[in-house]
Amino acid sequence: MSMKRTNVYADPEDLAIIKEAARRRGISEAEIIRQGIHLAAMANRVWDEPLFSRTFEGRGRTPSKAEVRDAVADAARGDAAPGTTA
């Protein structure tokens, strides 16, 4: 992937945090800034289609915390009935 150089103004305190993080993680400051730019770009991206284009039938109510926990535990053990989503 080719890169394009650009200049930005940044708060000195933010740059100090980036410098420390880069040192601690053993990567370049530029890599941390590229990661931040990517996160900002993806957070502001407008998609052509909604993430969920289909609707799913449910039980018509929000399951309780215990029901969710039990369904996840059943699925993890492989106990979920075939054709169900837990």
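Student: What share of the residues in the chain is buried?
Tutor: Buried residues account for 6% of the 86 residues in the chain. Please keep in mind that this is a predicted model.

Student: And what does the accessible surface come to?
Tutor: The accessible surface of the chain is about 8500 Å², and 56% of it belongs to carbon and sulfur atoms.

Student: Which residues make the nonpolar surface patch?
Tutor: Leu15, Ile33 and Ile37 make a nonpolar surface patch of about 240 Å². Ile37 is part of helix 2, which covers residues 29-43.

Student: How many helices and strands are there?
Tutor: The chain has 3 helices and 0 strands. Along the sequence, the pattern reads α-α-α.

Student: Which element has the lowest mean pLDDT, and which the highest?
Tutor: Among the elements of the chain, the lowest mean pLDDT, 90, belongs to helix 3 (residues 65-77), and the highest, 97, to helix 1 (residues 12-25). The average for the chain is a pLDDT of 86, with 85% of the residues scoring at least 70.

Student: Now to charges. How many salt bridges are counted?
Tutor: The count is 7 salt bridges. One of them joins the side chains of Lys19 and Glu29, at 3.1 Å from N to O. That pair links distant parts of the chain, with Lys19 in helix 1 and Glu29 in helix 2, 10 residues apart.

Student: Is Lys19 buried, exposed or something in between, and what about Glu29?
Tutor: Lys19 counts as partly exposed because its relative accessibility is 49%. Glu29 is also partly exposed, with a relative accessible area of 31%.

Student: What does Glu31 form with Arg34?
Tutor: Glu31 and Arg34 form a salt bridge in which the closest N and O atoms are 3.1 Å apart. The two are 3 residues apart in helix 2, so about one helical turn separates them.

Student: How do the side chains of Arg77 and Asp74 meet?
Tutor: They meet in a salt bridge of 2.5 Å, N to O. Because Arg77 and Asp74 are 3 residues apart in helix 3, about one helical turn lies between them. Arg77 counts as exposed at 54% relative accessibility, whereas Asp74 is partly exposed at 28%.

Student: Which residues are linked in a network?
Tutor: Salt bridges link Glu20, Arg23 and Arg24 in a network.

Student: Last topic: how many aromatic pairs are found?
Tutor: The search of the whole structure finds 0 aromatic pairs.

Student: Then what sits over the ring of Trp47?
Tutor: The charged end of Arg45 sits over that ring, 3.8 Å from its centre.

How values were computed
Residues numbered from 1 in each chain as written. Predicted model: local features only at pLDDT ≥ 70, side-chain atom pairs only at ≥ 80, totals over all residues. Heavy atoms only, no water. Patch = residues over 30% accessible without salt bridge, like charges linked within 9 Å, V, L, I, M, F, W, Y side chains within 5 Å. Areas by Shrake-Rupley, 256 points an atom, 1.4 Å probe, with all protein chains shown as cover. Salt bridge = Lys/Arg side-chain N within 4 Å of Asp/Glu carboxyl O. Helix = DSSP H or I, 4+ residues; strand = E, 2+ residues; numbered from the N terminus. Buried < 20%, exposed > 50% of the residue type's maximum accessible area, 1.4 Å probe, protein only. pLDDT = per-residue confidence, 0-100. Phe/Tyr/Trp six-rings, centres within 6.5 Å; stacked < 30°, edge-to-face > 60°. Lys NZ or Arg CZ within 6 Å of the ring centre and 35° of its normal.
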